[in-house]
Amino acid sequence: MPLGHQPPLRVGFILLPLFTMNAFAGFIDSLRLAADKGGRSRQIHCSWQIMGPGPVTSSCGLEAHPQTPYREPSEFTHIAVCGGNNYLNPHEDQALSQYLKEAHRKGVKLVGVCTGTFAIARAGLLRGQRVCVHWNVINDFRQQFPKIDATPDRIFLESARVITCAGSSGATDMALHLIHRTCGSEKAQQAIRHMVLNGMRTSNSPQTHFFEAIHEIRDERVRVAVLTMEQSLNTRLNTCDLAKRINLSPRQLDRLFRQELGITPMRYFKIMRLRYADWLLHHTDSSIADIAADCGFSDAAHLARDFHAHFACSPGQSRRQEKMVKALQ
């Protein structure tokens, strides 16, 4: 590498407590595989450094040791904040916020990876921005930052000064996008081949998700119940199981749902599962039998019966109608 060489893509990583390995590893390894030929990992076309005040434990228990304290922001083209399971902690890391503000002032693009977007928001740097977050944390993000326009409808979203990413495998696609734009398509394809991928998804690719917009539900107990349902879409959850999980009697739970939503808990859950099935029909190539299993139905026939009763068409018809709409666009 020539003396004084500056790779065109230079990323400083900041790992937050309980950061998720999948998102971080996908991002940094995409850079590594594009940086050199043959997987030799020399930082020629891309460079990376992990910064921070000390060791950080990931959500899976692996401990990461930063290579350096916070460095001069202008050494990097991007500074990526990688979050994870600590997003409900409302404490603001003042040193981190000050560092991100300095980077922002100097024109360095910030990247919120997984729940790293929460930290950028706490620093006050997302006002007026539309951001992307993981479907599993969208309601919590909206509660903490009601004035920020947040969406779970894509895997990452880029504005002039900030990139926000849902995390998980989407961080790999985001990294490949940056590599393609900054280092060229050959380098992006090189990383794709090494990772045995079929290609990279675009920023507006939908998250493989389903979520309930619960911000209008006033009763906190009903909100918790709906979130529990959301995490149990592929199971046959009953009222007794659900009530037990949130420390209510089945009768109390039934009464609260009728008061708040005008419907029984299990009817609400079935509609949620049917909507998830419809989402999978439109966004995946999975068979109807597999979708039935993924949505907690005993078989395709049971899904078809309930699907038709709710949507007035069969699962196959819904999928064909969606394909026709897309073909006409």
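How are α1 and α6 oriented to each other, roughly parallel or roughly perpendicular? Let's get there together, everyone.

A quick word on the model before the tour. What you see is a predicted model, where local features need pLDDT of at least 70, side-chain atom pairs count only at pLDDT 80 or more, and totals for chains, interfaces and linings use all residues. Residues are numbered from 1 along each chain as its sequence is written, and side-chain values use heavy atoms, with hydrogens and water left out.

Let's start with strand β1, residues 9-15. Helices (H or I, at least four residues) and strands (E, at least two) are DSSP runs, numbered from the N terminus. Seven of the seven residues of β1 are buried, so the strand is largely enclosed by the rest of the structure. Buried here means under 20% relative accessible area, exposed means over 50%, and partly exposed is in between, with a 1.4 Å probe and protein chains only. In a regular strand, side chains alternate between the two faces of the sheet. On β1, one side carries Leu 9, Val 11, Phe 13 and Leu 15, the other Arg 10, Gly 12 and Ile 14, and all are buried.

Now the neighbours of β1. Strands count as paired if DSSP finds at least two bridges between them. β1 runs parallel to β2, residues 46-51, over six bridges, with Leu 9 opposite Cys 46. β1 also pairs in the parallel sense with β5, residues 78-82, over five bridges, and there Ile 14 has Val 81 as its bridge partner.

Back to the helices. α1 (residues 21-35) and α6 (residues 185-194) pack at an angle of about 115°, their axes 8 Å apart. The axes are lines fitted to C-alpha atoms, for helices over the stretch in contact, and angles run from 0 to 180 degrees between N-to-C directions. So α1 and α6 are roughly perpendicular to each other; that class covers 65 to 115 degrees, while under 35 is roughly parallel, over 145 roughly antiparallel and the rest oblique. Ser 30, Leu 33 and Ala 34 of α1 make the contact with Lys 187, Gln 190, Ala 191 and His 194 of α6, contact meaning heavy atoms within 4.5 Å.

Lys 187 is buried, at 7% relative accessible area. Leaving aside residues up to four places away in sequence, Lys 187 touches Ala 34, Lys 37, His 45 and Ile 179. Thanks, all!

Methods
Right-handed = clockwise from strand over helix to strand, strands pointing away.
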